[in-house]
Amino acid sequence: MTMAKNGTLLWIDDEIELLRAHILFLKGKDYEVDTATNGRDALDRCRERSYDLILIDENMPGLTGLETLTLIKEVQPTVPVVMVTKSEEEDIMNQAIGAKIADYLIKPVNPNQILLTLKKNIHKKDLITEATNTNYQQNMGRIAMQINDADTHEDWAEVYKNLVYWELELEHADNNMGEMLRQQKEEANNLFAKYIRRNYESWFSSLLSSSKGDGARARGANLPSFGGQSDQPLMSPHLFRDRIFPLLDQKEKVVLIVFDNFRYDQWKVISHELSGEFSFEEELYYSILPTATQYARNAIFSGLMPNKIAEMFPELWVDEDEEEGKNLNEAPLIQTQIDRYRRRDSFAYHKINDAQGAERLVSQFRQFENNDLNVVVVNFIDLLSHARTESKTLRELAADEAAYRSVTLTWFRHSPLRELFSLLAESDYKVVITTDHGSIRVNSPIKVVGDRNVNTNLRYKLGKTLNYNPREVYEIKDPRKVLLPSPNVSTAYIFAWGDNFFAYPNNYNYYVSYYRDTFQHGGISMEEMIVPFITLTPKKR
């Protein structure tokens, strides 16, 4: 049987002879059209072949249109069905919509109405893909110019937002468009790394100069006042001071949810899930280097850069070479920040590592009322990233960025945390979603040599005997300039950028094949450094 170019239809109507003109019109548009004058014959047709779309009259002798629709869905559950009827009764419409019809047309219909519903229900994906490809092609030059002209942290945040927008738009586009976007993103990350290497130290210069002669201030909230210079972004240590505390000062009850290792594109797919219940204020901020939990999240909770945490609260800081967990002291760090600012906010801290922990948190939701601030740390996405590295099956399930986002969304939809958000949507809490850092899918190995005490992270290294090509890394020989701890006098930090990752010469090929195409963090990329800070307000307000 010759297949119709545009699709195969079944039209069910007891007065089918009156519709011959419409059927001829559709055949002229390259559709194959089968017909039936009653529900029983239609069911026989559906058992014999598959259809791209079915049009069905509601008012037929014998089986009604709605009854026929129910039986057809048992045979072909995914076929779109369009109800065509003279009736405009609300009850009939409600029943049809409840039965999951694809569209609803009122007789008499004209050919263009029918053609429109076919385009919506059969060709929508192809038409959207074609239009999206065309729009991206038309915008490629503007995006390239935006990347080349980016010269401030605001510029780079806008570049990243724009690239994520097109990444989501082109998720189902043809390979050529996806590859063009990938190349633009790679070029953007290379230029972003140059921007960071030129400017990162200067973001802390005012702090260093102001703290040298001021011991009292050095023990206080010793942080740069962002906005004092033209290009200083909001960074990890400032989230409480500049975003959370002002909400508390407005007498808001705040729930801060920190998703470990959470990228902006992952937020965008989750946001669609929450858009019916919350309104959003989206902001991007910059994670400090290294973009790793030990540094970035401790900086968020303490309100201090890592060297100040190690200096002021040595009992709460764990060095890289220690076996102890690096994030066991987050609640005490939050308390130090509240105390340092002489605040009286009450808070509770919750860390969620699995579904059982999330279920316990949901069951304790009423206890949130006892605190001005509730902090919830969710480790699933970071655990997913590490598990994907170790598991071949999971790596195939989350094969690329699109699949990684899809797995994140699926988890969120079915996690007990989704119920937490439903409870928050019915409350008067101000909800904040953020993260400590993002991640990037690595591809290109860089050789580095160090002693046995060098840390294991693939995107940054610190040590006193590192050997590497300085042209391939961002090196910080004096960690004090960027307010990082220096375990030894000669300690240096090096950071990978773009999609590079560090590999040791020993067993090099195995190491590279094992870690290539895994999601890593700690280094310099838009995905790791430019991360979401989202304020959610329940729409019920």
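Is F280 buried, partly exposed or exposed? At 28% relative accessibility, F280 counts as partly exposed; here buried means under 20% relative accessible area, exposed over 50%, and partly exposed in between, using a 1.4 Å probe and protein chains only. Before we go on, please keep in mind that this is a predicted model, in which local features need pLDDT of at least 70 and side-chain atom pairs count only at pLDDT 80 or more, while totals for chains, interfaces and linings use all residues. Residues are numbered from 1 along each chain as its sequence is written, and side-chain values use heavy atoms, with hydrogens and water left out.

Let us start with strand 10, residues 430–434. Helices (H or I, at least four residues) and strands (E, at least two) are DSSP runs, numbered from the N terminus. Five of the five residues in strand 10 are buried. On one side these are K430, V432 and T434, and on the other V431 and I433, leaving both faces covered.

Two strands pair if DSSP finds at least two bridges between them. Strand 10 pairs in the parallel sense with strand 6 (residues 254–259) over five bridges, and V255 has V431 as its bridge partner there. With strand 18 (residues 530–538), strand 10 runs antiparallel and is joined by four bridges; I433 is partnered by I534.

Strand 18 also holds T537, which is buried with a relative accessible area of 14%. Leaving aside residues up to four places away in sequence, T537 touches E277, F278, S279 and K430, where contact means heavy atoms within 4.5 Å. T537 and E277 are 260 residues apart in sequence, yet their C-alpha atoms are 8.6 Å apart in space.

**Aromatic pairs and charges over rings**

A search of the whole structure finds 35 aromatic pairs. Rings of Phe, Tyr and Trp (its six-membered ring) pair if their centres lie within 6.5 Å; planes under 30 degrees apart count as stacked, over 60 as edge-to-face and the rest as tilted. Two of the pairs are set out here.

| Pair | Centre distance | Plane angle | Class |
|---|---|---|---|
| F259 and W411 | 6.2 Å | 90° | edge-to-face |
| W267 and F280 | 5.1 Å | 80° | edge-to-face |

F259 lies in strand 6 and W411 in helix 19 (residues 401–414), so the pair ties together parts that are 152 residues apart in sequence. F259 is buried at 2% relative accessibility, and W411 is buried at 15%.

The rings of W267 and F280 are edge-to-face because their planes stand at 80°. This pair links W267 in helix 12 (residues 264–274) with F280 in strand 7 (residues 278–286), 13 residues apart. W267 is buried, at 0% relative accessible area.

Ring pairs also join W156, F192, Y195, Y200, W203, F204 and Y286 into a cluster.

A charge sits over a ring if NZ of Lys or CZ of Arg is within 6 Å of the ring centre and within 35 degrees of the ring normal. R197 places its charged end over the ring of W497, 4.0 Å from the centre.

**Where helix 19 meets helix 20**

W411 is also part of a helix contact: W411, F412, R413 and H414 in helix 19 meet P416, L417, R418 and F421 in helix 20.
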